[in-house]
Amino acid sequence: MAREDDEVLEEKLLENKSSRDLNGEEERRLLETLLSESETSFRDVSDRSDNLIWYVLSRPENVFYVNKVFTTIWGISREELYKNPRLWLTLIHKDDRADVEKKFDSWLSSGSVGKYMTEYRVINVGGPVHWVRDVVTAILNKDGTLRGTLGIGDHGILEKERVNLTEALEHDLL
């Protein structure tokens, strides 16, 4: 994903450069404009998603981005998470927390380039419990080293599965 974005930006820069001769300052401003437009588009799309979307830089570990769904699930602001990158773990159900933290930490430290999936319960500060199914993917630098992790969390499907299971059990009991 990041490599494709880099290639698109390079193509746009080359198109603009070939249509007129840019000096260094003009090239820098054009690149900043293209990057800003790309970031704005990404945020617009992700903030309209029903899924949790998050991106954590690896070294040092730092929450780079999380969409608005985070606040719905956890009940805390994104700004709080940006200040304390491990805050999300404190609201994971105590029976799930150790496993989630172990999986995430071992995946990060392994330099893995694959994906993993995990499911866990979040205790929203307002009270409700949300089930989350996270699919986590490595984002690599051009040299193949781990730059960060991208996660997409689904909290709606698990709730629907729970409701369907509860209804099926109630139906069988009647």
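## Salt bridges and a buried histidine

K103 and D99 form a salt bridge, with their closest N and O atoms 3.8 Å apart. Welcome to a predicted model, in which a search of the whole structure finds 6 salt bridges. Side chains of opposite charge can pair when their charged atoms come close. Let's look at some of these pairs, and then at a histidine.

**A pair within one helix**
- K103 and D99 sit 4 residues apart in helix α6, so about one helical turn separates them.
- K103 is partly exposed, at 34% relative accessibility, and D99 is partly exposed too, with a relative accessible area of 41%.

**Pairs that link parts of the chain**
- E101 forms a salt bridge with R86, and the closest N and O atoms are 3.4 Å apart.
- Because E101 lies in helix α6 and R86 in the loop between α4 (78-83) and α5, this pair ties together parts 15 residues apart in sequence.
- E101 is partly exposed at 31% relative accessible area, and R86 is partly exposed at 25%.
- R121 makes a salt bridge with D96, where the closest N and O atoms are 2.9 Å apart.
- This pair links distant parts of the chain, with R121 in strand β3 (residues 115-123) and D96 in helix α6, 25 residues apart.
- Both R121 and D96 are buried.

**Around H93**
- You will find H93 in the loop between α5 (87-90) and α6 (94-110).
- H93 counts as buried because its relative accessible area is 17%, which is under the 20% cut-off.
- A polar atom of the H93 side chain lies 3.0 Å from the backbone nitrogen of D95.
- Leaving aside neighbours within four places in sequence, H93 is in contact with R121 and I123.

Technical notes:
Residues are numbered from 1 along each chain as its sequence is written. This is a predicted model: local features need pLDDT of at least 70, side-chain atom pairs count only at pLDDT 80 or more; totals for chains, interfaces and linings use all residues. Side-chain values use heavy atoms; hydrogens and water are left out. Helices (H or I, at least four residues) and strands (E, at least two) are DSSP runs, numbered from the N terminus. Buried means under 20% relative accessible area, exposed over 50%, partly exposed in between (1.4 Å probe, protein chains only). A polar contact is a pair of N or O atoms within 3.5 Å; within protein, one must be able to donate a hydrogen and the other to accept it, and residues adjacent in sequence count only if both atoms are side-chain atoms. Contact means heavy atoms within 4.5 Å. A salt bridge is a side-chain nitrogen of Lys or Arg within 4 Å of a carboxyl oxygen of Asp or Glu.
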